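Me: I would like to understand how the terms used for a protein model are applied. Could we go through some of them together?

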Amino acid sequence: MTLPSIVTPEFETTIPSTKEKIKFRPFLVKEEKILYIAMSSEDNKSMVDAIKKIMVSCFDSNMDIEKLTFFDFEYLFLQLRAKSVSEISEFSLTHNVEGCEHVNDVSVNIETVEVQFPADAKDVIMITDTVGIKLRYPTINDLSRLENPDVDAIIDLFCDCIVTVFDGDTMFEDYDKKQLREWIENLSQEQFKNITEFFENMPKLQHEIKYTCGGCNEDVKVTLEGLQSFFWYVLVMEV
C-alpha cells in the first residue's frame with residue numbers, strides 16, 4: 001500500500017538587493033541531515049557548501065545561488081531557517097562587563113531581521129577625475145576565500161568584484177586578471193582606500209537586541225550581524 005503523500009507548504013520572500021520575489025519551501029529531514037554532517041566537520045567551507053546545497057533544493061530553480069551577494073545569501077537562508085525550524089530563536093548572551101558575567105537567555109524573532117543598506121552606498125568609485133571603476137558586491141564564494149585574509153587575498157577579491165574600468169566615456173574590457181592586479185597595485189594609498197571603503201560599508205544583516213541583564217539589572221543593547229557573529233550559531237547550530 002502506498003503511504004499518504006505529504007504536501008509541503010510554499011512561501012515567498014524578497015531578495016534584498018534586487019527586490020525580486022522568490023518562492024521557497026521549508027527544508028526537509030533529509031536536507032537537515034546534510035547540515036548535521038557538515039557541522040560535524042567543524043569546517044566553515046563545508047557548512048557553506050551544505051547551506052548552498054539545501055538552498056538549491058528549496059528555492060525557486062530560477063535563482064542562481066552562485067550569483068547571490070553574500071548578504072542576499074545570508075538573508076534568504078535566515079528566511080528558510082525561520083520557516084523550516086521556527087521564527088523564534090532562543091540563545092544565550094554573556095554580559096561581559098566588570099563585576100558581571102551573567103549568561104542571559106534571549107529570544108529573537110528572526111523574521112524581523114533585515115539587511116541594512118548604507119544611505120550613501122554607491123558602486124562606482126572614482127580613482128581620478130576621469131578614471132573610475134564599477135564594482136559588484138562579493139558573493140558568499142568570494143568571501144569564503146578570506147578566512148585568513150592577507151593583502152594578496154584582498155587584492156584578489158577586489159579584482160574579482162570589479163565589473164569594469166573606465167576613463168571618461170571609454171570602457172576598458174580587454175584585460176586579464178594579472179593586468180588588473182598590477183593596475184590596482186600601482187594605485188596610491190588614498191586611491192586604494194577609496195576601493196576599500198566600498199567593501200567596509202557593504203550592506204549587512206544587522207539586528208539590535210535589547211534586554212535587561214538578570215545578573216546586574218543593567219539595560220543592555222547588543223548589535224549582531226552576519227553569519228559569523230550571530231546567524232552562524234543561531235541558524236546552523238540550532239537546526
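Me: What makes Leu135, Pro138, Leu157, Phe158 and Cys161 contacts of Phe199?

Reply: Contact means heavy atoms within 4.5 Å, and, leaving aside neighbours within four places in sequence, Phe199 is in contact with Leu135, Pro138, Leu157, Phe158 and Cys161. This is a predicted model, in which local features need pLDDT of at least 70 and side-chain atom pairs count only at pLDDT 80 or more, while totals for chains, interfaces and linings use all residues. Residues are numbered from 1 along each chain as its sequence is written, and side-chain values use heavy atoms, with hydrogens and water left out.

Me: Why is Cys161 called buried?

Reply: Buried means under 20% relative accessible area, with exposed over 50% and partly exposed in between (1.4 Å probe, protein chains only); Cys161 has 0% relative accessibility and therefore counts as buried. Cys58, at 4%, counts as buried too.

Me: How do you know that Cys161 is in no disulfide?

Reply: A disulfide is a pair of cysteine sulfur atoms within 2.5 Å, whereas the nearest cysteine sulfur to that of Cys161 belongs to Cys159 and is 9.5 Å away. The structure as a whole holds 0 disulfides.

Me: Which residues have the most contacts inside the largest nonpolar core?

Reply: A nonpolar core is a set of buried Ala, Val, Leu, Ile, Met, Phe, Trp, Tyr and Cys residues joined through side-chain atoms within 4.5 Å. The largest one has 61 residues, and those with the most contacts inside it are Met55, Phe59, Leu76, Leu80 and Phe199.
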